[in-house]
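Biologist: Before we look at the model together, could you show me how to read its nonpolar side chains and its aromatic rings?

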Amino acid sequence: MLSEAAALGGLFLAAFGAATILPFQSEVVFVGMQLGQAAPVSMIVLVASLGNILGAVVNYLLGLWVEHFRHRRWFPASEAQLDRAQRFYARWGVWTLLLSWAPLGDAFTVVAGIMRTHWLVFLVLVSLAKTGRYLVLAWATAAAMG
């Protein structure tokens, strides 16, 4: 039981990190746990989804505060990049959050904070996207296993 809890804790951390600006890959951990039957698939999906969603919430909160640092020399994005991201989000709106599961999709979660997207809309759309990705990954892994 302890090894299952430790594995799920590691998965949570990998999924959380993967949703932030940190370079983590939760899919490898997810598939490894599913192949090794480290825990029930439903638990693996739940823990990975929760970690990934909470990581996106951190991005959202960072977005709320990013405007305070936008003109600092050390800031990682240029004025042009921020303006372009805000224009894109203003054009396509909250529906871009359905792409938050994709590579670079986490940038949308930061921009959602910058644009002051309502937190409940943010949470619902990101939860659908992140959980949907893990459900598809679980299905694909099970199909590959035969």
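The dialogue below takes up the cores, a surface patch and the aromatic pairs in turn.

Modeller: This is a predicted model, in which local features need pLDDT of at least 70 and side-chain atom pairs count only at pLDDT 80 or more, while totals for chains, interfaces and linings use all residues. Residues are numbered from 1 along each chain as its sequence is written, and side-chain values use heavy atoms, with hydrogens and water left out.

Biologist: Which residues have the most contacts inside the largest nonpolar core?

Modeller: In soluble globular proteins, nonpolar side chains tend to be buried together. A nonpolar core is here a set of buried Ala, Val, Leu, Ile, Met, Phe, Trp, Tyr and Cys residues joined through side-chain atoms within 4.5 Å, where buried means under 20% relative accessible area, exposed over 50% and partly exposed in between (1.4 Å probe, protein chains only). The largest one has 13 residues, and L8, L11, F30, I44, A48 and Y134 have the most contacts inside it. At least two residues each come from α1 (2-19), α2 (26-35), α3 (41-66) and α6 (119-145), these helices being DSSP runs of H or I with at least four residues, numbered from the N terminus. The greatest share, 4 residues, is given by α3. Beyond its neighbours within four places in sequence, A48 is in contact (heavy atoms within 4.5 Å) with L11, A15, F30 and Y134. Another core, of 10 residues, lies apart from the largest one and includes F108, V111, F122 and V126.

Biologist: How should I read the aromatic pairs?

Modeller: A pair of aromatic rings is described by the distance of the centres and the angle of the planes. Rings of Phe, Tyr and Trp (its six-membered ring) pair if their centres lie within 6.5 Å, and planes under 30 degrees apart count as stacked, over 60 as edge-to-face and the rest as tilted. The whole structure holds 5 aromatic pairs. In one of them, Y60 and F122 have ring centres 4.5 Å apart and planes at 35°, so this pair is tilted. It links Y60 in helix α3 with F122 in helix α6, 62 residues apart, and both residues are buried.

Biologist: What kind of pair do F88 and F108 form?

Modeller: Their centres are 5.8 Å apart and their planes lie at 20°, so F88 and F108 are stacked. F88 is partly exposed at 37% relative accessibility, whereas F108 is buried at 18%. Together with W92, F88 and F108 form one aromatic cluster.
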